[in-house]
Amino acid sequence: AQQAALGVVSWSNKRESHSLATTDFGALKLWNGQNGTLERTIAIEAFESEPSCVAWSNDDSNLAVAAGKIAVYFANGTFSQELVTSMPVFSVAWSDTNSKLASGGGFGETAEVKIWNMELGTVNLTLSGTHYQQVTSVAWNGTTLATGSLDTLIVLWDTTSGTKMMAALETSAEVNALAFHGQVTLTPVAWNGTYRDTYTTLLSDPFFLMNICACMCVCTHLL
């Protein structure tokens, strides 16, 4: 059983995989979600800080772990590649095709999002100049990328051009997580420490609905 304090947790995407990745005190652990057994422990002491996020690729073939830099592992725990950044990373997300990885991080005016070409391990695009606090969440929907930040803003980007799709949307609290529902809705998760508040905003596209719910965290997995 897990004895140390958990850092971050990420379920694999495919129901049949039943894989769970966790971090604690400089180690990445891969678990069998069906029987609860620990399958592999990977030392990650080389990180400059405790990992802040873990994300499986959509086909569960790769796992990205981020802190001061981004390390990518194959599903069996074998090291794949390292993506070096100049800013701390607080969020990562794979594109639908797994060919790109979005990473969000930075502090204050240095807040930025990078789009990585995962075949080459290079940066395709840097998105900056909108968020003024660290980017804590990124989420893909096709070529659209949503970014959320402690500055309470949500921004939708066209990753083919690197431009904003619309003006930044301001929520009532810090945004800590984002998730698209199918192809039409986006759910940010925020927490202001004092109250919960739920409301709905209709975006410029009448078929694109965004639901904003303020709460501490959301963790789901269908077994």
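These are my notebook entries on what I looked up in this predicted model.

**Ground rules**

I count residues from 1 along each chain as its sequence is written, and I work with heavy atoms for side-chain values, leaving out hydrogens and water. Since the model is predicted, local features need pLDDT of at least 70 and side-chain atom pairs count only at pLDDT 80 or more, while totals for chains, interfaces and linings use all residues.

**Entry 1: the overall picture**

I started with secondary structure and found zero helices and 21 strands. For my own reference, these are DSSP runs numbered from the N terminus: helices are H or I with at least four residues, strands are E with at least two. Next I checked burial: 49% of the 223 residues count as buried. My cut-offs are under 20% relative accessible area for buried, over 50% for exposed, and partly exposed in between, with a 1.4 Å probe and protein chains only.

The protein exposes about 10800 Å², and carbon and sulfur atoms supply 54% of that. Those areas come from the Shrake-Rupley method with a 1.4 Å probe; for residues, only the protein chains shown count as cover. I also looked at contacts (heavy atoms within 4.5 Å). Among those between residues at least 6 apart in sequence, 38% join residues at least 24 apart.

**Entry 2: the sheet from β5 to β8**

I traced an open sheet of four strands in the order β5-β6-β7-β8, with antiparallel pairing. β5 (53-56) and β8 are the edge strands; each has a single partner, so one side of each is left without a neighbour in the sheet. From one strand to the next the twist averages 20°. Strands pair here if DSSP finds at least two bridges between them, and β5 and β6 are joined by four. Across that pairing, I see valine 54 opposite valine 65 in β6.

Leaving aside neighbours within four places in sequence, serine 10 is in contact with Ser19, Leu20, Ala21, Val54, Ala55 and Trp56. Serine 10 counts as buried, at 9% relative accessibility.

**Entry 3: salt bridges**

How many salt bridges does the structure hold? I found two, using a side-chain nitrogen of Lys or Arg within 4 Å of a carboxyl oxygen of Asp or Glu. Side chains of opposite charge can pair when their charged atoms come close.

One joins glutamate 82 to lysine 69, with the closest N and O atoms 3.5 Å apart. This pair links distant parts of the chain: glutamate 82 is in strand β8 (residues 79-83) and lysine 69 is in the loop between β6 (62-66) and β7 (70-74), 13 residues apart. Glutamate 82 is partly exposed at 38% relative accessible area, whereas lysine 69 counts as buried at 17%.

The other is between lysine 114 and glutamate 112, again listed at 3.5 Å from N to O. Here lysine 114 is buried at 14% and glutamate 112 is buried at 16%.

**Entry 4: threonine 85**

I went back to lysine 69 and found threonine 85 touching it: not counting residues up to four places away in sequence, threonine 85 touches Gly68, Lys69, Ile70 and Trp116. Threonine 85 lies in the loop between β8 and β9 (89-94). Is threonine 85 buried or exposed? It is buried, with a relative accessible area of 14%. Its side chain reaches the backbone oxygen of methionine 87 at 2.7 Å.

**Entry 5: strand β11**

I then checked the partners. Six bridges join strand β10 (residues 100-105) to β11, running antiparallel, and lysine 100 stands opposite asparagine 117. The β10 and β11 hairpin has six residues between the strands, and glycine 106 takes a positive phi near 85°.

Six bridges also join β11 to strand β12 (residues 122-128), antiparallel as well, with isoleucine 115 opposite leucine 125 in β12. Four residues lie between β11 and β12 in their hairpin, and glycine 121 in the turn has a positive phi of about 75°.

Notes:
Axes fitted to C-alpha atoms, helices over the stretch in contact; angles between N-to-C directions. Polar contact = N/O pair within 3.5 Å; in protein donor to acceptor, adjacent residues only side chain to side chain.
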